[in-house]
Amino acid sequence: MGTAMASMKTLFLCLLWGPQCALCRDVFLPPGTLYRVAGFPLSLPCGVSGYEGPRTQDFEWFLIRDDAGGRQMGVVSTRDEGFPYAPFQARVRSGEVRVERDSGDRVRLVIQRLRADDQGKYECYTPSTDSTYQGNYSTTVPVKVIPDTLQISFSRSLTGQPAPEGAELTLTCSAGIRSEQLTHLSVAFGRRGGGGEALESAAAGEIIAIDKLLGVVPGPSYRKRYEDGEITLEKRNGEAGVDVYVMKMRAVRPRDSGAYFCEASQWIRDPDRSWQKIAQRTLEIGNLTVQRLAESLSITSSPKGEVTLQVGSPLILTCEVLGLPSGVRSGLLVQWMKKGSGSDGVAGSGAVEVEVARMSPDGVVSWGDDLSRASGGSMEKVAEGRYSLKLFSARPLDSGVYRCVVSVYAGEGNPGASTPATLTQRSEGVTVNLKSKDVLVAAVAHLPRGPLLKRGSTITLICNATVTTTGPAQAQVQWLRWPIPERGAKKTMSQALDVSVPDPSVEKKPTLVAALMYDGVAKVYANGSEVSVERLSAGSYRLRVHAATTEDQGVYVCHAQAFGQDPHGGWYNTGAKAESNAVTVYLYARAADLVLIPLVIGVSSSLFVGIVIIATVTCCFMKRLARQRAVK
């Protein structure tokens, strides 16, 4: 009402003075009535505009108590230290009641701890610095002081005992208000320090809150974890207007260490539609220390050191995960990796480490490469934290250095594909050596004697591959073809010419023409002419290219690999191989092609000569006819 009257007075003076009131002093306060809680701060902003004089204006505050019969009581002044009346003198000296300046012409009255007898009408007055007295120099706002009914408590505090990384954290806080005024409650959980970063305020360490409009709001540092469902906050209805708030962290991390608190705030909406926090209480819940998983986790594999086996024997490796905290549901990704035997057959000399098998956190086993699947094996969880890899029949290429790699998803029993592992550790290597039989492989290729090869003929190539070893063995043969090198065109062309295989770094890559597998299955890869490959006898293999074209000529080489049989009847690649000599195949032109060439040349020449004769005769006749006409 006071504010409205002051505005009416200002308007009246401006209308009365006309042009002289182009600049009128105006003092303003927020509209009322304002409701604030006893025991908590009151902050009243006051400003002035339309004044003359210095940019820094003075302010004086008065209080008209409801029971004072309209009598003013000086509260505090910016220009007179002796201005406060007796009830406020001690409070002003202690700083509990003070004026804080926002700018030269804007200040705020601050009462740090509001009392019940501070209720009344507050007046903000600005002493004049104007050349003429015009406008309003003060305004008032009613303030009601309501009782403090904000309650907050917790059922169980943190004990201070270290919690393992990945453990679930549950914090419970109860809060409520009993006010005759329409007020709202917000509850927040937060943490101060201890997690490796400095938190300067409670707001900086806020984890998650239910705001005054019942919306769940995660703290800036916890938004991603809230969106991933790692942090939740639930409101449960309680008794006597006191509700229960439950915050859960699905899996604590080392950076979650620190002092935890619960904060309840009471809010009210002022007449200017702005929300104001009128009461707040913070309750310390306790300290949390998170023990890092890396301090306790260890991965071991057995047998230890080096293992030597006969080819065909079963290979059994065991991986044990130690130091996982009890009571924490963690997903484990277990992998067996092998730095395989290199081309020289020495275990672990290969530079590339490949995955042999893995077991996902949900127990699904997958094999990493064709060699592992072909050899036959299994990966099992034999006990809690204990995993075994079995290759039923070990083969020479199974030799290498094996390691067990374990990725732990602490607190995540079934992590998603994009969930990062909490920690990944590797075991010591186990070197596996396989004793294989001595195997010797030899290969010789040649063209059988016969008539000259021409376009359209059938190219026949023989590869004699022998495997020398003890026990059953088979050869697997492949035929490859290189283009004929440019330098070979100047040499005498023959049907069977032994040459060295072209340098792959200089010449084009070879074309795989056909193969006869160790189990007798023929595979043809060429897409042009019809190709067949067969075994004529033990150690003799034949490649035939039917109706050959110029694309089929080139330098042919036979590759042979030795396959042995283990005691269980399975076949395996012994790693022994040989490469035959190179055979150059050139296709001559057919007889019909040779006859056709002179025929075409003869016909063309005859036509040319005939055309020349006809043109000459015609030309001479036309000239003679022209002379006869000239004589007449």
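In this predicted model, the side chain of Asp243 makes a polar contact with the side chain of Lys235, at 3.5 Å. Asp243 belongs to strand S17, which covers residues 243–249. With a relative accessibility of 15%, Asp243 falls under the 20% limit and therefore counts as buried.

Cys173 is joined to Cys262, with an S to S distance of 2.1 Å. The link of Cys173 and Cys262 is left-handed, with -85 degrees about the S-S bond. Distant parts of the chain are linked by this pair: Cys173 sits in strand S12 (residues 169–176) and Cys262 in strand S18 (residues 258–269), 89 residues apart. Both Cys173 and Cys262 are buried.

A further disulfide is formed by Cys319 and Cys404, whose sulfur atoms lie 2.0 Å apart. Its torsion about the S-S bond is about -75 degrees, so this disulfide is left-handed. Since Cys319 is in strand S23 and Cys404 in strand S29 (residues 400–409), the pair ties together parts that are 85 residues apart in sequence. Cys319 and Cys404 are each buried.

Strand S23, which carries Cys319, is also part of a sheet. This sheet is open and is formed by four strands in the order S21-S23-S28-S27, with antiparallel pairing. At its edges stand strand S21 (298–302) and strand S27 (377–383); each has a single partner strand, so one side of each is left without a neighbour in the sheet. From one strand to the next, the twist averages 20 degrees. Within this arrangement, strand S23 (residues 315–322) and strand S28 (residues 386–391) run antiparallel and are joined by six bridges. One of the residues involved is Ile316, whose bridge partner in S28 is Lys390.

S34 pairs with strand S40 (residues 554–565) in the antiparallel sense, over 10 bridges. S34 is also joined to strand S36 (residues 511–516), again running antiparallel, by five bridges. Gln478 takes part in both pairings: its bridge partner in S40 is His559, and its bridge partner in S36 is Ala515.

Cys463 and Cys558 are joined with an S to S distance of 2.1 Å. The torsion about their S-S bond is about -70 degrees, so this disulfide too is left-handed. The pair links distant parts of the chain, with Cys463 in strand S33 (residues 459–468) and Cys558 in strand S40, 95 residues apart. Cys463 is buried, at a relative accessible area of 0%, and Cys558 is likewise buried, at 0%.

The loop between strand S39 (540–546) and S40 holds Glu551. In contrast to the buried Cys558, Glu551 is exposed, with a relative accessible area of 61%. The C-alpha atoms of Glu551 and Pro483 are separated by 8.7 Å, although these residues are 68 residues apart along the chain.

As for confidence, the protein has a mean pLDDT of 82, and 82% of its residues reach 70 or more. The highest confidence is found in strand S2 (residues 34–37), at a mean of 95, and the lowest in strand S35 (residues 498–499), at 40. Over residues 198–203 the pLDDT is below 50, and this stretch has eight contacts in the model beyond near neighbours in sequence. Residues 488–502 also have a pLDDT below 50; here the model shows 29 contacts beyond near neighbours in sequence. Where pLDDT is low, predicted coordinates should not be read in detail.

How values were computed:
Residues are numbered from 1 along each chain as its sequence is written. This is a predicted model: local features need pLDDT of at least 70, side-chain atom pairs count only at pLDDT 80 or more; totals for chains, interfaces and linings use all residues. Side-chain values use heavy atoms; hydrogens and water are left out. pLDDT is the predictor's confidence in each residue, from 0 to 100. Helices (H or I, at least four residues) and strands (E, at least two) are DSSP runs, numbered from the N terminus. Contact means heavy atoms within 4.5 Å. Buried means under 20% relative accessible area, exposed over 50%, partly exposed in between (1.4 Å probe, protein chains only). A polar contact is a pair of N or O atoms within 3.5 Å; within protein, one must be able to donate a hydrogen and the other to accept it, and residues adjacent in sequence count only if both atoms are side-chain atoms. Two strands pair if DSSP finds at least two bridges between them. Axes are lines fitted to C-alpha atoms, for helices over the stretch in contact, and angles run from 0 to 180 degrees between N-to-C directions. A disulfide is a pair of cysteine sulfur atoms within 2.5 Å.
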